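Please look at the sequence and the model first, and then read the points below.

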Amino acid sequence: MAPAIAPFDSTAARDRGAVGGGRFDERFLRKLESLVMTIRRSRVSAGMMRANRASKRVGAGLEFADHRDYAAGDDLRYLDWNLYGRLGRLALRLFQEEEDLLIEVLVDASASMGVGSPPKLDLAMQVGAALAYVGLANLDRVALSPLGDEQPPVLPPARGKGAILPILRFLNGVRAGGRVGLAAAVRGFLARRRRHRRGLAIVISDFYDPAGHRAALDLLRHHRLDVVAIQVSAPQELAPELRGDVELRDVETGETRELTVSPGVLAAYRQRHQTLLRDLEGYCRERAIPCFTVASDQPFDAVVLRMFRAGGLLR
C-alpha cells in the first residue's frame with residue numbers, strides 16, 4: 001500500500017523554480033521533507049487532518065448507518081424491503097461514507113505580523129505551507145487566504161501533492177501590511193466561499209485585535225467549520241528588553257506614545273500579554289477548539305510535529 005504521506009521532492013521543486021530564498025529556501029524544503037517522513041514513521045495517519053467527515057446519505061456507501069422514512073420522490077432502489085416485510089414500514093437505507101475535507105488555511109498578514117526577529121509572518125507562512133502539504137498528501141483539498149487589506153487574492157482550493165509548488169509561490173509573495181479586524185476579515189472570507197460545506201479552518205494569527213478573537217472564531221464555527229487556532233508571538237513581545245524613556249509606535253495605526261519603561265511597567269505588560277493568551281486558550285478549551293501558542297523563533301517543523309503529536313488536528 002502506498003504511504004499516506006509521501007516525501008516532498010525538494011530536488012524537483014528546485015529544478016522547476018518553485019520558490020526563491022527567504023521563507024521557502026532549500027533548507028525549508030529539506031525540513032519539510034524530513035517532517036512528513038517523521039509523521040509517517042510516527043504512524044500519524046492520514047486521518048489526523050480529517051474532520052468529522054462521516055455523512056449519512058442515501059445510496060451506495062461504505063457502511064450501513066441508519067434508516068429514514070420514505071418520502072414521495074425518493075429512489076425506490078434504496079427501500080429496505082426486509083424492514084417493510086417485518087414491520088410494514090417504508091424506510092430508506094442510509095449509508096455512512098467519507099467526504100473529502102476542505103482545509104482552509106487563514107493567515108493573518110496584518111502589519112503586526114511583520115514584527116519580531118524573525119518576523120511572526122514568516123513562521124505563520126511556513127506552518128501554513130507545511131499543514132497545506134500534509135493535507136494535499138492526504139488527498140484533501142486545500143485553500144489559502146491571507147487576512148489583510150493589502151493582500152493578494154485568495155488561492156482557490158487545490159488537490160494533490162503537485163499543488164504545493166503554486167502554494168509556496170503564492171505564500172512567498174505575501175507581505176505584512178495594513179490593519180486586520182479579525183471578525184471583518186473572517187466575514188469577507190466567508191462571503192467568498194463558493195461552497196458552504198463543512199471543513200477545517202486553521203487560523204494563524206497573533207490575535208492582537210483590540211476587538212478580541214471571539215467574534216471571528218464564532219463566525220467560523222457557526223458556518224459549520226471545525227477550527228484550529230495557532231497564536232504566534234515574537235520573542236521580543238514575550239520578553240521585551242526596553243528600558244528607560246522610549247517612544248512606541250503602533251505599526252498598524254501609526255499612533256505613537258512616549259513611555260518610561262520601568263520594571264513595574266514591564267511586569268504589567270507581561271501580565272496583559274499572558275491574559276490575552278489565557279483568554280484565547282480558555283475560549284478554545286470551552287469549545288473544544290485545538291489551540292497552540294508558539295514563538296516566531298521556533299522551527300516550523302517542531303511546531304507542526306507538536307500539533308500532530310498532541311492530536312490537535314483530530315476532530
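## Structural briefing

His 213 is found in the loop between E7 and H7; here helices (H or I, at least four residues) and strands (E, at least two) are DSSP runs, numbered from the N terminus. The model is a predicted one, in which local features need pLDDT of at least 70 and side-chain atom pairs count only at pLDDT 80 or more, while totals for chains, interfaces and linings use all residues. Residues are numbered from 1 along each chain as its sequence is written, and side-chain values use heavy atoms, with hydrogens and water left out.

**Surroundings of His 213**

- His 213 is buried, with a relative accessible area of 9%; buried means under 20% relative accessible area, exposed means over 50%, and partly exposed lies in between (1.4 Å probe, protein chains only).
- Not counting residues up to four places away in sequence, His 213 touches Phe 207, Asp 279, Leu 280 and Tyr 283, where contact means heavy atoms within 4.5 Å.

**Nonpolar cores**

- A nonpolar core is a set of buried Ala, Val, Leu, Ile, Met, Phe, Trp, Tyr and Cys residues joined through side-chain atoms within 4.5 Å.
- The largest nonpolar core has 50 residues, and the members that touch the most others are Val 127, Ile 204 and Ile 230.
- Helix H4 gives the most to this core, with 12 residues.
- Leaving aside residues up to four places away in sequence, Val 127 is in contact with Ile 204, Ile 230, Phe 300, Val 303 and Val 304.
- There is also a second, separate core of 22 residues, and its members include Ala 185, Ala 216, Leu 280 and Ile 289.

- Helix H6 spans residues 182-192, and its residues Leu 182, Ala 183, Ala 185, Val 186, Phe 189 and Leu 190 are buried.
- Helix H10 is mostly covered, as 7 of its 10 residues are buried.
- In H10 the buried residues are Phe 300, Asp 301, Val 303, Val 304, Leu 305, Met 307 and Phe 308.

**Salt bridges**

- A salt bridge is a side-chain nitrogen of Lys or Arg within 4 Å of a carboxyl oxygen of Asp or Glu, and by this rule the count comes to 11 salt bridges.
- Asp 122 forms a salt bridge with Arg 23, and their closest N and O atoms are 2.9 Å apart.
- Asp 122 lies in helix H4 (residues 120-137) and Arg 23 in the loop between helix H1 (10-15) and helix H2 (26-41), so this pair ties together parts that are 99 residues apart in sequence.
- Asp 122 is partly exposed, at 25% relative accessible area, whereas Arg 23 is buried, at 8%.
- Asp 301 and Lys 31 meet through their side chains in a salt bridge (3.5 Å, N to O).
- This pair links distant parts of the chain, as Asp 301 is in helix H10 (residues 300-309) and Lys 31 is in helix H2, 270 residues apart.
- Lys 31 is buried, with a relative accessible area of 19%.
- A salt bridge also joins the side chains of Arg 89 and Asp 69 (3.0 Å, N to O).
- Arg 89 is in the loop between helix H3 (81-87) and strand E3 (91-98), while Asp 69 is in strand E2 (residues 63-69), 20 residues apart.
- Both residues are partly exposed: Arg 89 has a relative accessible area of 35%, and Asp 69 has 48%.
- Asp 218, Arg 221, Glu 286 and Arg 287 are linked in a network of salt bridges.

**Strand E10**

- Val 261 lies in strand E10 (residues 256-261) and is buried, at 8% relative accessibility.
- Not counting residues up to four places away in sequence, Val 261 touches Leu 242, Arg 243, Gly 244, Val 246 and Leu 266.
- Val 261 and Glu 241 are 20 residues apart along the chain, and their C-alpha atoms are separated by 9.6 Å.
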